[in-house]
Amino acid sequence: MKADAPGAVLKRERVRDFVLGLVESRHPGDAIPSERALCADLGVSRPTLRAVVDELVAAGLLVREHGRGMFVAPNKITQELVSGQETMTAPRAAGTWSSRLLEFTTFPAGARVGRKLRISPAAEIVYVARLRLVDGAPMAIEHLHIRADLVPTLSARELEAGDLYEHLREQHGVHVQEAVQAIEPTVVTRAEAELLDVPELSPALLFERLTSDTTSQPVEYVHSIYRGDRYRIVSRLTLDPSATAPPARLGHHPGIPPGDFVHRDTIASSTRGDIQSAP
């Protein structure tokens with residue numbers, strides 16, 4: 001596996017946030033600026049911007065039309081598997097999970113992440129990119145955006161060893177209680193493929209999660225790319241409301257670092273996941 005040059009992950013993340021902000025502020029069918037204009041505005045190279053645009057096109061958020069430009073894609077159809085009034089706990093995935101830190105820095109949240117965390121765009125966040133491994137094999141790339149005022153002493157050690165949410169609770173007094181998480185298919189970019197040790201454009205799962213504490217204040221916004229050849233989602237639907245849910249087994253929550261959720265706090269999510277080894 002080849003690691004990115006210092007700052008490369010963060011640069012793509014900032015470009016991705018900016019372009020996503022354009023998408024989210026427009027309606028389906030609206031045009032966005034050309035790649036040349038975006039490169040000039042953001043001060044990035046054409047390959048860097050092209051990689052981000054390719055990712056968003058593959059994810060179904062942008063549409064390229066030859067000779068016309070780029071446009072916001074039609075809205076996706078969303079199906080909720082569990083009533084919004086219900087809460088559930090997610091089972092955890094198998095294997096021994098570990099992390100390798102790729103980026104760890106602090107900077108202003110910006111408009112898009114600020115809206116998600118309900119803070120000023122000028123308020124600082126801790127940005128973390130880390131490679132998640134299972135039994136030593138790369139499984140996912142996580143991009144974490146955490147309110148900096150909540151974790152002024154967060155350390156690299158906490159991000160590479162142990163349970164992040166446990167560290168938040170015990171070291172920083174932050175008790176996470178609820179996570180709203182969306183999952184959809186995508187493909188990996190060249191840079192992601194190098195880190196995950198898979199071919200470029202391999203299928204993957206995109207997790208996006210907003211985590212809140214016991215006061216319903218957003219704590220972190222996370223988006224993660226999980227290998228499609230090693231990861232699958234299984235939904236358990238309870239048709240009889242009086243039925244007793246089976247006990248959760250030990251392991252790692254799909255898309256969710258272990259932590260307070262282990263202590264039976266609820267997760268407002270419509271899916272349950274599991275790990276599937278490649279044949």
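The conversation below goes through some helices, strands and salt bridges of a predicted model.

Student: Where shall we start? Which residues of helix H6 are buried?

Tutor: Helix H6 covers residues 164-172, and its buried residues are Leu-164, Tyr-165, His-167, Leu-168, Arg-169 and His-172.

Student: What covers them?

Tutor: The cover includes strand S5 (124-134), strand S6 (137-147), helix H5 (156-160), strand S7 (176-187), strand S8 (203-213) and strand S9 (218-227).

Student: Why does His-172 count as buried?

Tutor: His-172 has 15% relative accessibility. Buried means under 20% relative accessible area, so His-172 falls in that class.

Student: And which residues does His-172 touch, leaving out those up to four places away in sequence?

Tutor: On that basis, His-172 touches Leu-150, Val-151, Thr-153, Leu-154, Glu-158 and His-167.

Student: What happens just after H6?

Tutor: Gly-173 takes a positive phi there, of about 65°.

Student: Let us change topic to the sheet of three strands. What is the strand order?

Tutor: The order is S1-S3-S2, in an open sheet with antiparallel pairing. Strand S1 (31-32) and strand S2 (62-65) stand at the edges. Each of these two has a single partner strand, so one side of each has no neighbour in the sheet.

Student: How many bridges pair S1 with S3?

Tutor: Two bridges pair S1 with strand S3, residues 69-72, in the antiparallel sense. As for Ile-32, its bridge partner in S3 is Met-70.

Student: Which helix lies across S2 and S3?

Tutor: That is helix H3, residues 46-58, which runs at about 110° to S2.

Student: Now salt bridges. How many does the structure hold?

Tutor: The structure holds 17 salt bridges. One of them joins Arg-50 and Glu-35, with the closest N and O atoms 2.8 Å apart. Arg-50 lies in helix H3 and Glu-35 in helix H2 (residues 35-42), so this pair ties together parts that are 15 residues apart in sequence.

Student: Is Glu-35 buried or exposed?

Tutor: Glu-35 counts as buried, because its relative accessibility is 7%.

Student: Which side chain does Glu-35 meet at 3.1 Å, N to O?

Tutor: The side chain of Arg-64 meets Glu-35 in that salt bridge. Because Glu-35 is in helix H2 and Arg-64 in strand S2, the pair ties together parts that are 29 residues apart in sequence. Arg-64 is partly exposed, with a relative accessible area of 36%.

Student: What about Arg-68? Which residue is its salt-bridge partner?

Tutor: Arg-68 forms a salt bridge with Glu-65, and the closest N and O atoms are 2.4 Å apart. Arg-68 is exposed, with a relative accessible area of 58%. Glu-65 counts as partly exposed, at 30% relative accessibility.

How values were computed: Residues numbered from 1 in each chain as written. Predicted model: local features only at pLDDT ≥ 70, side-chain atom pairs only at ≥ 80, totals over all residues. Heavy atoms only, no water. Buried < 20%, exposed > 50% of the residue type's maximum accessible area, 1.4 Å probe, protein only. Helix = DSSP H or I, 4+ residues; strand = E, 2+ residues; numbered from the N terminus. Contact = heavy atoms within 4.5 Å. Pairing = 2+ DSSP bridges. Axes fitted to C-alpha atoms, helices over the stretch in contact; angles between N-to-C directions. Salt bridge = Lys/Arg side-chain N within 4 Å of Asp/Glu carboxyl O.
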